[in-house]
Each structure stands twice: as structure tokens, then as C-alpha cells.
Amino acid sequence: MKEQILLLVELQKIDSGIKRMEIRKKELPGVLDKLREELHLSEEKMEDERKKIDDLYKRHRDGENDLKKRNEDLKKIKSRLFDVKTNREYQALLKEMDIISEKNDKTENDIIDVLEVIDKVREGLEEREKEFNALRIKQEKEIIKIESEINSIDSVLLDIRGKNSEIKGKINTDLLEKYDIIKQKRHGRAVVQVWEGICGGCHVNIPPQMYNELQQSEVLMLCPHCNRIIYWNDKNNGEK
Ligand SMILES: [Zn+2]
């Protein structure tokens, strides 16, 4: 019996491994999507900063062009000053020049402001670029790892299922049936270890008398609380 119980322990380990792997197999594509999405978001942030800088440079260029155009207007008006016949006309031209100069002042200030903002955004962009590059290096490694995990998980599962059948073949039918029923009722865990009197399945103390028996006897025993198959291993012996 002892040997059969040990086989059940082994079977349980394999079944739990299969279950974990099947869960992992389902979540891997999502993990991959998340990594790619994260990288994409970081890239978008970087592109946003680049676009901001492009827009600012455009504003800067537009301002410079406005200044150039208005300075030419000013020149033309100045040259007309010598030709005017009346004081009224003269005053009107001066007024016109004042208005243009005022606009120029505003544009010049705006250009200075824009240059300052460009400096700041540039710093931000450098930061975003660093972030993106660091993330890219990290994510690309991670993505390669997960892609290879996706590619190999089926063959690993196949292998582990083979081991599962092999062990099942060595366990007697009644016991296997019992194991399957408990496994189904207890969310995949039918065989659990008891250590220091506590059931590893339901974490409740089993009666001391029963714990003593479990340590010595070789019969199949069930936890009185959760009905799982229990076994005892002397952890101090270096076994696991
Ligand atoms: Zn229990």
C-alpha cells in the first residue's frame, strides 16, 4: 500500500503541474499582448513629445516669418514718410508704424517663450526616449522568452501527460478511481501532505491519534475534514 500511496503522491504532483501549465498556456497570449501594448504606449508618449516639439518649431518659424514680413511693411511705410504732403497723413503713417511695432514686440516675446518651452519639452523627450529604449530592451527579451515558452509548452505538456499515463498504469484501478473522484470534488488536489498535525489541503488539525497512526501505518487515510488522501513525510529526513 505504501508504494501505491507514493505513486499517488507522484501522480498528484504531475496532475498539479499539468493544471498549472494549462492555466499558463491560456494566459501566455495575454501576457504577450500586455507587453507589446506597454511598449506601444511608451512609444506613443515619445511620439507625442516629438510632435509637440515639431508644433513649437512651426510656431517659432511662423513668428519669424511674421516679423520679417512686418519689418518689410515698416520699411515701406518709412519710405512713404518722405512723400507725404499733410501732417494728417504723416500722423496716420506713424500710427500705422506704431501698431506694427507693437505686434512685433508681442511676436518677439512669443518667440522667446516658445524657445524656452522647446528646451523644456526637449528635456522631456530625452527622458521619454530613455524610458522607451530601456523598456524596449527589457520587453524584447521578455517577449522572446514568452514566445519560446508558447512554442514549447505543447511538447512539454505532451511529455508530462505521457508520464501521467505511465504512473496511472501502475496504480490499482479502485485507488485511481477514488483519487479521481476526490480530485474532482477538491479542485484538483486529492493528495495532500500532513505536517505537524495540520492537513495541507484544508489547514485544519487532524486528531493527534490519527496523526500518530499516519506516521506509522501504511494504509490509505483520508483527512476527516476535507476527505483528501493524506500522507506523511519526515521533512527532517531531507525528503520533500
Ligand atoms: Zn484536510
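This is a guided tour of the structure, one selection at a time.

The model is predicted, so local features need pLDDT of at least 70 and side-chain atom pairs count only at pLDDT 80 or more, whereas totals for chains, interfaces and linings use all residues. Residues are numbered from 1 along each chain as its sequence is written.

**The two domains.** Select residues 25-168 and then 173-237: these are domain 1 and domain 2, with bounds that come from an automatic or database domain assignment. The centres of the two, taken over C-alpha atoms, are separated by 63 Å.

**Helix H1.** Next select residues 2-81, helix H1. Helices (H or I, at least four residues) and strands (E, at least two) are DSSP runs, numbered from the N terminus. H1 has 80 residues and reaches 116 Å from its first C-alpha to its last, close to the 118 Å expected at 1.5 Å a residue; the expected span is 1.5 Å times one less than the number of residues. At Glu 27, H1 bends by about 35 degrees, and Pro 29 follows within four residues. A bend is the angle between axes fitted to the seven residues ending at a position and the seven starting there.

**Helix H2.** Select residues 87-168. The 82 residues of H2 should span 122 Å at 1.5 Å a residue, which agrees with the 114 Å between its end C-alpha atoms. H2 bends by about 40 degrees at Ser 152.

Select strands E1 (191-195) and E4 (229-231), then the edge strands E2 (198-199) and E3 (221-222), each of which pairs on one side only. Together they form an open sheet in the order E2-E1-E4-E3, with mixed pairing; strands pair if DSSP finds at least two bridges between them. E1 and E4 run parallel and are joined by three bridges. Val 192 has Ile 230 in E4 as its bridge partner.

**The core.** Select Tyr 179, which touches Leu 8, Leu 11, Ala 190 and Ile 229, not counting residues up to four places away in sequence; contact requires C-beta atoms, placed from the backbone, within 7 Å. Tyr 179 and Leu 8 are among the residues that touch the most other members of the largest nonpolar core, which has 16 residues. Such a core is a set of buried Ala, Val, Leu, Ile, Met, Phe, Trp, Tyr and Cys residues joined through C-beta atoms within 7 Å. H1 gives the most to this core, with four residues.

**Asp 234.** Finish in the segment after E4, at Asp 234. Asp 234 is exposed, with 9 other C-beta atoms within 10 Å; a residue is buried at 20 or more, exposed at 12 or fewer and partly exposed in between, with C-beta atoms placed from the backbone.

Key
Contact = placed C-beta atoms within 7 Å.
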